[in-house]
Structure formats: C-alpha cells, structure tokens
Amino acid sequence: MEDRLSSLPDDLLLSILRDLPLKHAARTSALSRRWVPQWIRALADSPVLDFTDRDFAHGQPADRAAATVGRCLRLHAEHGAPLDAFRVALVSPPGPGYGAFGRDVIGWIAAAVARGAREVEVDLTPSQEGADHGSAAFLELPGDLFRSRSSLERLALGRLSLRAVPLPAAGLAGLRSLSLSHTDVTDEALRGVLATCRALESLSLRCCSLLTEVSVASERLRALELLGCRAVRDLRVAAPALESFAMYGDVILSAAAVDWYETVSVDFAAAPALRDVYLSHMDGCGDLDLNFDYYYPFVYYVLHTRVLTLCSFGLVVPVFSEDGDDYNCMDRVPYTYVNRDKFPYVDMPNLQELQLLLGCIQEEGDWNPRHPERVYTFFYSTSLPVLERLFIRLSRNPAKEVEDSDSDEDEDEYLSDRAVSRLLTFGLLTFIKVVNFRGTWRERRLIRYLLLRAPILEQLVLVTPEGGLGAPGFEHVEGIQEWVSARQKASREARTSVYRPSEDDSPNHAHTRIFNEEYCCMHQG
C-alpha cells in the first residue's frame, strides 16, 4: 500500500505531528523510518510535554510508561528546547513503596523545575473505578526540591507528599496556582504553604483527608476549590478578590447536636467579586435524623453570585421549625421572614444562571413530612429577579418511585393549590433544561409548574437518561414530546425539545463537572 502521508513536505508533517498526542505521534515511527526524526523534532520544538492522556497511563505497564516519559524528557533536553510545561498522569505500580518508579518521578519534577518550567503537574492517583484511593502510599518529595528560586507558576500534585519540604520554600514563592489532590497535607502545612505563596490566585484541595480546620486568607486569591475533604469541620475564608468558589464536602449545620454530625464552623468573609459558585454536599438526606432541623450554611454567604450550582442540601436552606424558635446558630444569617410564615426569605439579586442537582424528586419531597417539597419551598423563599437560565439535573440512578394514578387534571388541581399558586414568577427566565427526565409524576408536576411560571420562556429542553429508562408511558422520546407539547404554557413562544443524551446539542450550565457523579474519595481511608 502506498504511503501518501510520507510523501508530504517535512513542514506539513511536522504540523500534523504537533497536533497529535505525544503517544500517537511516537507511534508514527511504525509507518516508515522517515517519521522517526519528524516526531522527535516535533517533540523537541514543543515547549509543552504532556503525558496526561488516559490511554497513555492505562494502556501499558507503569514501568514502560515511565521509560517513555524519561526518554522524551532526555530527547527534549538534548535538543535544547525551552520547557514551559510538564504534565504527567500515571498509575503507580502495585506493591508497597514506589522504588525505582518513585525515583524516576522525583527526577522528572527536579529536571522540569531546573529547566525553568512554569507549570508542573504530576498525578499518581488511580483514576479507574474501583481503585483503592486510601491504601496507596504517598510519594514523598525531597526537602531540597523547592529550596532555590524557580520559575514555577502552577503546581499540581496528586498522591505526592510535601511533608519533607521545609516552609517557607523559595521555589514555591512565585506560584499563582496550586492544586493538591489525595495528599497528606495537614492544616499547619497548608497555612505554611499559603504563607509562602503570596501571589497565589487559584487553590484547589481535593480529597485531602487530614485537613480539619481550613483557613484561607489571601488578598489575591480568585479561585478556591475544596472538594471531597470529608474531615473539614472548620472553614474560614478571607479572600476579598475571590471570584469562583467550589465546595463539595460534608458541611451542614444543625440546630442541635446529632450523633456523627458535628456543628461546623463557617466564617466566609465578604467577597464582592464572587460571581461563580458550586455548592454540593457529599452524602444524601437519608443520613439525617428527621427530629432535627438543618441548614446548608454557604448559600447565605454567596447571595450576590451570578452563576450557581446547588445540590439537594441547598434546598434545605429555607426549611426550619414552624414554632418560631430562635436558634443561636442563625445569628449571622442575613434573612427575613415573609409575612407570618416561618420560612426565611433569601434574596439573590444577581443570579442569572442556576443549576439544581436534585437527585430523586421523590426522595427530595418526602424526606420530612412536616415540610412541603423542598424544590417549591426553595423557589417560594428565594427571590430570583434576573434568573435567565435554569438547569435541573435529576439523579442518574434514582430510587424506584411508585407511580400514582394522577391524571393531568389532578396535576392542574395541585398547581392551583394556594401554597403553590403564590410562588414566584420567573419574569426573565428564557431557557430551562432538565437532564435525566424519566416522566415520573413528580417530574411531570415540576415541569408543569415551571411552564406556568415562566411568561417569556423561549425553550424547554428535556434530556432522557442513558438507556431510556422512563416511567410507564414515557419510555420513548416521542411519548415525552407528545406530553410536553400538550401542556399549558405561560409563554406563547416557548419551544419544547426532547433529546436522547447522544442527540443533545443544547446549551449546558457553566459547571459541566458534577463532582458527586465523579469518582472521588469513594474508597478514601
């Protein structure tokens, strides 16, 4: 067979190779001898060495992958090309300790830092489902690794330990971005790192099981992520320049002491620039003692955000006892009561894009019989005057819901009920998207409510779950489309679309990563 690619000019071949992942570029050597110097030249000319491709890490044994990384680093150094970024994600070999593999990894980091790399990312965290994140050891970095000044601006470490690194460390002083994932960083070490990194603008802490009291004070910090750090029981943030905040963890407050739920201390100082917030609890409502009232604290500190993702626990915010008790834990919460109702009123004057991670609506509504369904209570108790886009993500694997015999007339009767008819109108809402829609009666009721409360709605998108596991009568896209098209709508211009996941090309929320759906900390010790 004629090899037409090999007959192309060298410059064109080089351009092709530069756009390929390194692993695939190296494989072109099998085409002909002419490709060998081409991919080596492409490697030498690139200021970025990236070995984070999943196929690279999982498609070969760890020692072979490590040998490839070492060879590429040597070739790149021999050609004298500048190194701007070095990224690698590998699965460490099985067995205790890291041995030669660990020494190789440390050598790569040292070489990249010595050559003036501004970005270093090394992740040794198992990423395949079923991997035991808790049993793997941490690879300890040597104490002299960051002793001297460096060009480092971004550092991302997964399953590596900074314990032996003395702080302050001159080599970390210029960091603008720091990400620590599955590391053994402690509260004291984190404070030392933050004291060293005065220019830090982005901080991500993921699955750091030793963190219990997190205190972040920075004049320049613009993005903060605290994801899967289960042991945190005290969070204090003083970052006036903060623009983005993501919280995924076991942080919920209770009006009374409850067995394993300790009261969490939260101190979130004013952040006037905050515009992007993701808030999600790690565990479901089934773990709560229904004899007590709870609230999710963070919503009260992010009232002026423009973009928000909120999990089911966030809907607990307006739900309190109806006997008028004044709880000490509510001293600093900026809410007001509406008329004689015992629901606090929350004003979110700037929120334009909202995503609700609802889980199973049956579970969300019935977890406490003293209160109406929380999604409606949330809308009733929250002012959203400029909301334009609403995204609702239902559970991918909900509990089995017993179908009631509610007809559409029964739904109309419910929607005319006094408690629902006085809920707010979404005056500026133009786009609604509901993912994992199965057509259960509770889901249908929610859709009808939204259609009747959005007078200028332009489009409603329903996306079915993978596999098309719908409720009886709603197993197919056509059945759902017929049902939703026949529903009464406040907006005459509203278009309705029903898609399978593979067909959906409609807009998504700004937060496309759903942490509770990712494999994170499930096997952490």
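**Entry 1: Arg163 and its partner**

I began with Arg163, which is exposed at a relative accessible area of 53%. Keep in mind, as I did, that this is a predicted model. Which residue does Arg163 form a salt bridge with? I found Asp184, with the closest N and O atoms 3.4 Å apart.

Next I checked where the two residues sit. Arg163 is in the loop between strand S6 (160-161) and S7, while Asp184 is in the loop between strand S7 (177-181) and helix H7 (187-196), so the pair ties together parts that are 21 residues apart in sequence.

**Entry 2: other salt bridges**

How many salt bridges does the whole structure hold? My search gave 16.

I looked at Asp234 next and placed it in strand S11 (residues 234-238). Asp234 forms a salt bridge with Arg236, and the closest N and O atoms are 3.1 Å apart. The side chains of Asp234 and Arg236 are also listed as a polar contact of 3.1 Å. Asp234 is buried, with a relative accessible area of 14%, whereas Arg236 is partly exposed at 35%.

Then I noted Arg500 and Glu503, whose closest N and O atoms are 2.9 Å apart in their salt bridge.

**Entry 3: helix H7 and its cover**

I moved on to helix H13 (residues 477-485), where Val477, Ile480, Trp483 and Val484 are buried. Why do I say that they line one face? Seen down the axis of H13, the buried residues fall within an arc of 130°, so they line one face of the helix. I jotted down the general rule beside this: an α-helix has 3.6 residues a turn, so residues three or four places apart point the same way. On the other side of H13, I found Glu478 and Glu482 exposed.

I gave Trp483 in H13 a second look. Trp483 counts as buried at 8% relative accessibility. Its C-alpha atom is separated by 9.8 Å from that of Gly473, ten residues away along the chain.

**Entry 4: helix H9**

How many residues of helix H9 (residues 374-381) are buried? Eight of its eight residues are, so I wrote the helix down as mostly covered, each being under the 20% cut-off. The buried set is Arg374, Val375, Tyr376, Thr377, Phe378, Phe379, Tyr380 and Ser381.

**Entry 5: the nonpolar cores**

Phe379 turned up again when I looked at the largest nonpolar core, which has 113 residues. The residues with the most contacts inside this core are Phe86, Leu141, Phe146, Leu242, Phe245 and Phe379. Helix H6 (residues 99-114) gives the largest share of this core, seven residues.

Leaving aside neighbours within four places in sequence, Phe146 contacts residues including Val113, Leu141, Leu152, Leu155, Leu162 and Val165. Ala169, Ala170, Gly171 and Leu172 are also among its contacts.

There is a second, separate core of ten residues, and Tyr248, Cys311, Leu357 and Phe515 are among them.

**Entry 6: the whole chain**

The chain has 13 helices and 25 strands, and buried residues make up 51% of its 525 residues. Of the contacts with a separation of 6 or more, 72% are between residues 24 or more positions apart. The chain exposes about 24,200 Å², and carbon and sulfur atoms supply 48% of that area.

Terms used:
Residues are numbered from 1 along each chain as its sequence is written. This is a predicted model: local features need pLDDT of at least 70, side-chain atom pairs count only at pLDDT 80 or more; totals for chains, interfaces and linings use all residues. Side-chain values use heavy atoms; hydrogens and water are left out. A nonpolar core is a set of buried Ala, Val, Leu, Ile, Met, Phe, Trp, Tyr and Cys residues joined through side-chain atoms within 4.5 Å. Buried means under 20% relative accessible area, exposed over 50%, partly exposed in between (1.4 Å probe, protein chains only). Helices (H or I, at least four residues) and strands (E, at least two) are DSSP runs, numbered from the N terminus. Contact means heavy atoms within 4.5 Å. The arc is that of the directions from the helix axis to the C-beta atoms. A salt bridge is a side-chain nitrogen of Lys or Arg within 4 Å of a carboxyl oxygen of Asp or Glu. Accessible areas come from the Shrake-Rupley method with a 1.4 Å probe; for residues, only the protein chains shown count as cover. A polar contact is a pair of N or O atoms within 3.5 Å; within protein, one must be able to donate a hydrogen and the other to accept it, and residues adjacent in sequence count only if both atoms are side-chain atoms.
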